[in-house]
Each structure stands twice: as structure tokens, then as C-alpha cells.
Amino acid sequence: MLDKISKKILAELQNDGRISNVELASRVNLSPAACLERVRKLQDAGYVLGYTAQLNPQLLDVSLLVFIEVVLDRTTPDVFDAFKRSIQVIPEVLECHMVAGGFDYLVKARVKDMNAYREFLGKSLLQLKGVRETHTYAVMEEVKNTTKLPIP
């Protein structure tokens, strides 16, 4: 169970993963040594999975965000496993989730534009073993986009 200080540390790290240990310690009212030890323990316990930079998709020319429902032709372990292995190596795919409901997977991907999406769909996604059909939703406006988790 996390205590109040550990939760504060996690919240601050989510706000700024590049924060110095001295600044972090100041914000959570610990000594730098005690803060560093807490961060190490949180990392070792698996609370912190890593640190990344958030990049600007418009400047990198991948501004079209799409969500794709994927239906497989069979729902057998070998088809699921083949799909999972294949989808993980496609660079345009940001996230892929197996879901319960009217389709099997929900894919989040970024590409340059609609022409690039059509090429991605035809040359990458529809070529994966077991894919029977897809339904695409192009994002018109990103209302909220965060990687921050709620910390109770």
C-alpha cells in the first residue's frame, strides 16, 4: 500500500519525469537522499515503468489519429497469438487492446493523412493473419490526451 508521500512522488513524476531529485524532494517535503531512496523503491516495486518524452505528432507529420475495431475470422488461441505478435511490430500502432463486445481488438494508430491511412490499412493491418474486417474512426479533435493515471 502506498503512503501519502509515495503518492505525491508518483504524481510529481507523472507531471515531469525529468524533475531533478532535489526539486522532487522539495515538492514532497523529504531530504534528497530519502526522496531518491523512495523513487528507487517505487521503481523496483514496478510502480514506475519508465520515462519517455511526449512528442508533437503534427511536427513529426503523423497528425491523423485513428481508432480501428478489428474483428478476427476465428477466436482461437493460435489466431489471437498470431495477431498479437504481428500487431506489436507495426510502428504506426500506438496501442492495441483486446476487448469484450462486438469486435476483438481496438487499435489506436497515427499516420500522416488519409492516404497514408489507406496504405497502412491495406498493406499492414488487413494483411495480418486472421483479420476478417475492420471499422475505422478518424479523430476530428483530440479533446483530452493524457498518460497520467489517477492516483487515489
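These legends accompany close-up views of a predicted model. Because the model is predicted, local features need pLDDT of at least 70 and side-chain atom pairs count only at pLDDT 80 or more, while totals for chains, interfaces and linings use all residues. Residues are numbered from 1 along each chain as its sequence is written, and side-chain values use heavy atoms, with hydrogens and water left out.

View 1. Strands (E, at least two residues) and helices (H or I, at least four) are DSSP runs, numbered from the N terminus. Two strands pair if DSSP finds at least two bridges between them.

**View 2. Strand 1 and its two pairings.** On one side, seven bridges join strand 1 to strand 4, which run antiparallel. Look for Val66, whose bridge partner in strand 4 is Ala138. Strand 1 also pairs with strand 3 in the antiparallel sense, over seven bridges. Here Val70 has Tyr105 of strand 3 as its bridge partner.

**View 3. The hairpin of strand 2 and strand 3.** These two strands pair in the antiparallel sense over five bridges, and six residues lie between them in the hairpin. In the turn, Gly101 has a positive phi of about 135 degrees. Cys96 has Val107 of strand 3 as its bridge partner. Strand 3 is mostly covered, with six of its seven residues buried; buried means under 20% relative accessible area, exposed over 50%, and partly exposed in between (1.4 Å probe, protein chains only).

View 4. Cys35 is buried, with a relative accessible area of 0%. Cys96, in contrast, counts as partly exposed at 27% relative accessibility. A disulfide is a pair of cysteine sulfur atoms within 2.5 Å, and by this rule the count comes to zero.

**View 5. The largest pocket.** About 1600 Å³ of space lies in this pocket, and its lining has 41 residues. Nearest the centre you will find Thr52, Gln54, Thr146, Thr147 and Lys148. Helix 1 (4-15), strand 1 (64-72), strand 2 (93-98) and strand 3 (105-111) each supply at least two residues of the lining, and helix 1 gives the largest share, four residues. The lining divides into 21 nonpolar, 10 polar and 10 charged residues (Ala, Val, Leu, Ile, Met, Phe, Trp, Tyr, Cys and Pro count as nonpolar, Asp, Glu, Lys and Arg as charged, and the others, Gly among them, as polar). On a 1 Å grid over the protein atoms alone, a pocket is an open set of points where a 1.4 Å probe fits, with protein on both sides within 12 Å along at least five of seven lines; lining residues have an atom within 4 Å of a point. Grid points are joined across faces, edges and corners, and a volume is the space filled by probe spheres set on the points.

**View 6. Two loop residues with positive phi.** Asn29 is found in the loop between helix 2 (21-27) and helix 3 (32-44). Its phi is near 60 degrees, a positive value in a residue other than glycine, and Asn29 is exposed, with a relative accessible area of 63%. Asp61 lies in the loop between helix 3 and strand 1. For Asp61, phi is near 65 degrees, and the residue is partly exposed, with a relative accessible area of 40%.
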